Amino acid sequence: KGRTDARCADVRYGRSMDPVAEFLRREKPRLVALWEQEVRRDQPALQHMPRPVLFDHLFELIEALAAWIEGRSADADVGFRALIEGHALQRLGYGVGLESLMREYGKLRYVVLRELLAISPPPESLIRLHEGFDRAIGAAIDRYGQRREEVRGRFISILGHDLRDPLSTVKISADIMGHSDKLPDELKLVIARISRATDRMQRMIGEVLDFARGHLGGGIPANPTLNDMADICRHVVDELSAAHPARPIALDTSGDLRGPFDRDRVSQAIGNLVSN
């Protein structure tokens, strides 16, 4: 404890007595340059990246690791956040995959540890160094994955909404043509197939959008209001009977079936069940 107190006192006065922390600060430019050689050689996704982008927040990370070794966790977390919110998300924006990102961080750890062997670092400092690496890299990878899922879900939602309008136009046009008495039977069969296909695509788009919303953390949205389950079932059966006139569907209800239901969600669930 006395050695720890003395070390913290030296840090407060701007003098770090930890050899690993001193080494990281002193050798920071060289460590980054060595790391650049490694990733340029082994990482195709980073080979042609401009140097300012490639180095993004690595100097802050090394400084944060030095602070972590010295026991200044608050100062270290500032640098770690730069890696988490800056470097990791920047790599995502450049299309660098998660596997490449993990190898990139692994190369930095490798370079630092390899160079540290020259000064025979104390074991307790190496333990703190690994703790700092694990803390920063783990949080950066988690943030990368979270943001990637957000972007993916938003893309799916936008794509689904953009597909709905032209698909609705096809559906409406097919329905209008299908009600014409002037068309030959063969053409009516083709139009019926188009109508069925668009119905199926609309359902698929709705399911994809629900899936995307469910994976963005908010779950599938449900807004329960007072509804009659029997009335909901009747509407579902009517729609399915019209779509499948050759399939007899019997509905039997009894009792008071009113309750707090999301009408659209319940209709979707019952429709899927009966269709199956």
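In which helix is Glu115 found? Glu115 is found in helix α7, which covers residues 98–116, where helices (H or I, at least four residues) and strands (E, at least two) are DSSP runs, numbered from the N terminus. This is a predicted model, in which local features need pLDDT of at least 70 and side-chain atom pairs count only at pLDDT 80 or more, while totals for chains, interfaces and linings use all residues. Residues are numbered from 1 along each chain as its sequence is written, and side-chain values use heavy atoms, with hydrogens and water left out.

The protein chain has 11 helices and 2 strands, and from the N terminus on its elements run α-α-α-α-α-α-α-α-α-β-α-β-α. Of its 276 residues, 36% are buried, a word that here means under 20% relative accessible area, with exposed meaning over 50% and partly exposed in between (1.4 Å probe, protein chains only).

Two residues illustrate these classes.

Glu115 touches Phe23, Arg30, Leu31 and Leu34, not counting residues up to four places away in sequence, and contact means heavy atoms within 4.5 Å. The C-alpha atoms of Thr169 and Thr198, which are 29 residues apart along the chain, are separated by 9.9 Å.

The axes of helix α2 (residues 19–26) and helix α3 (residues 28–42) come within 4 Å and cross at roughly 70°, so α2 is roughly perpendicular to α3, a label given to angles of 65 to 115 degrees. Axes are lines fitted to C-alpha atoms, for helices over the stretch in contact, and angles run from 0 to 180 degrees between N-to-C directions. On the α2 side the contact is made by Phe23, Leu24, Arg25 and Arg26, and on the α3 side by Lys28, Pro29, Arg30 and Leu31. These residues divide into 4 nonpolar, no polar and 4 charged, where Ala, Val, Leu, Ile, Met, Phe, Trp, Tyr, Cys and Pro count as nonpolar, Asp, Glu, Lys and Arg as charged, and the others, Gly among them, as polar.

The largest pocket is lined by 30 residues, of which Asp199, Arg203, Glu239, Gln268 and Gly271 lie nearest its centre. A pocket is an open set of points on a 1 Å grid over the protein atoms alone, where a 1.4 Å probe fits, with protein on both sides within 12 Å along at least five of seven lines, and lining residues have an atom within 4 Å of a point. The largest share of the lining, 10 residues, comes from α9, and by class the lining has 6 nonpolar, 11 polar and 13 charged residues.

Key
Angles under 35 degrees count as roughly parallel, over 145 as roughly antiparallel, 65 to 115 as roughly perpendicular and the rest as oblique.
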